[in-house]
Structure formats: C-alpha cells, structure tokens
Amino acid sequence: MQSSRTHSSSIVVGIIPGQPDRVIAASCDMAIAMKPDRLHLVYVNSTLTEENGHMAPLDPDSMSETWHEDSQALSERALGIARNAGIDAQYHLLAGDPVKELSRFAKQHDASMIVVGTRERGALAALQEWTSGSVSVRLAHTQNIPILTIPLADEYKN
C-alpha cells in the first residue's frame, strides 16, 4: 500500500568534531531522497551541562574552554556540507548523554530517523564505548524510529 504522505517531518543527524564528512554527506543524500521538512545536525557534548539555558563544563575545574569554538567550527563545516548539497539544515548544540539527548530531540521534532556514524578506532575510543556503550546500539535498542549507522572504519586514520 502506498502512503499518501509525500515527505517525512525531519531527519536528526548526530555529529561530533573530527568525524569524517561521510555522515553528513550520507544524511544529505537521505534528505534529497526523503524530502524531509528539515535536516537537523545535532552535536551532543557529553562534557557539558545545561542549566537555565546556559551551558557550562560538567567539571568547573576543567581546562577545556574550547568547547564553544569547537562547536562553532563544527557548525560551520556541517552547514557548509549541507548547503553544498542543496539541503536546508539547522545545527544544534546540546549538553548531556548523546543517546538521551538525540532521542529527546528526535521526539520533539517528529523525526522519521536518526543518523549516526560508527565510532573512531583506537584504545581510547574502545574504552569510551566500553564504559558508556555504543551510541548507535543504544539508540537502536531504545527507539521506535529507524537508526541509520554510517560505517566509518576506513575513514579514520589508524
């Protein structure tokens, strides 16, 4: 049976600094094919907390004060890729657990799917996945919408 709906409401894409462009490019391809109302490029920074609309590092003694600049650079790069593909996208910075925040955001924006990439190779990435779990696997086990995982193993440098 053919659906009378001509497009979906939105696609949510989980992105992170340093991630290969393939995740955004593949998401743009999906947006061209699916014609959603909006492509949301969402960076969830797990080292930040949000209180009263203001973001700050979880650890106030943290030496990492570059989170704002990192987010700005990611926004410019991600939106540039989308713009070059002819896609009208929006960038969002969220604080907290990536799975919880991507899930919440997808529900709020009536998303038809969530797109994420596979993790980076290496011991540190493996340890982070071991302690907090794979974002794509955790999403797949908790969502009622499709989760598209873009393989990136050949894109990360060894």
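Mentor: Two strands are said to pair when DSSP finds at least two bridges between them. With that in mind, the model, which is predicted, can be examined at strand E6, residues 111-117.

Strand E6 is mostly covered, with six of its seven residues buried. On one side of the account stands strand E1 (residues 10-14), which runs parallel to E6 and is joined to E6 by four bridges. Within this pairing, Val13 has Val115 of E6 as its bridge partner. Strand E7 (residues 147-150) also pairs with E6 in the parallel sense, over four bridges. Here the bridge partner of Gly117 is Ile150 in E7. In a regular strand, side chains alternate between the two faces of the sheet.

As to confidence, the protein has an average pLDDT of 83, and 80% of the residues score at least 70. Residues 1-7, however, have a pLDDT below 50, and this stretch has five contacts in the model beyond near neighbours in sequence. Where pLDDT is low, the predicted coordinates should not be read in detail.

Most residues other than glycine have a negative phi. Lys35, in the loop between helix H1 (22-34) and strand E2 (38-45), has a positive phi near 55°. Lys35 counts as exposed because its relative accessibility is 52%, the cut-off being over 50%. Asn52, in the loop between strand E3 (48-51) and strand E4 (54-57), likewise has a positive phi, of about 55°. Asn52 is exposed, with a relative accessible area of 76%.

How values were computed. Residues are numbered from 1 along each chain as its sequence is written. Side-chain values use heavy atoms; hydrogens and water are left out. Buried means under 20% relative accessible area, exposed over 50%, partly exposed in between (1.4 Å probe, protein chains only). Helices (H or I, at least four residues) and strands (E, at least two) are DSSP runs, numbered from the N terminus. pLDDT is the predictor's confidence in each residue, from 0 to 100. Contact means heavy atoms within 4.5 Å.
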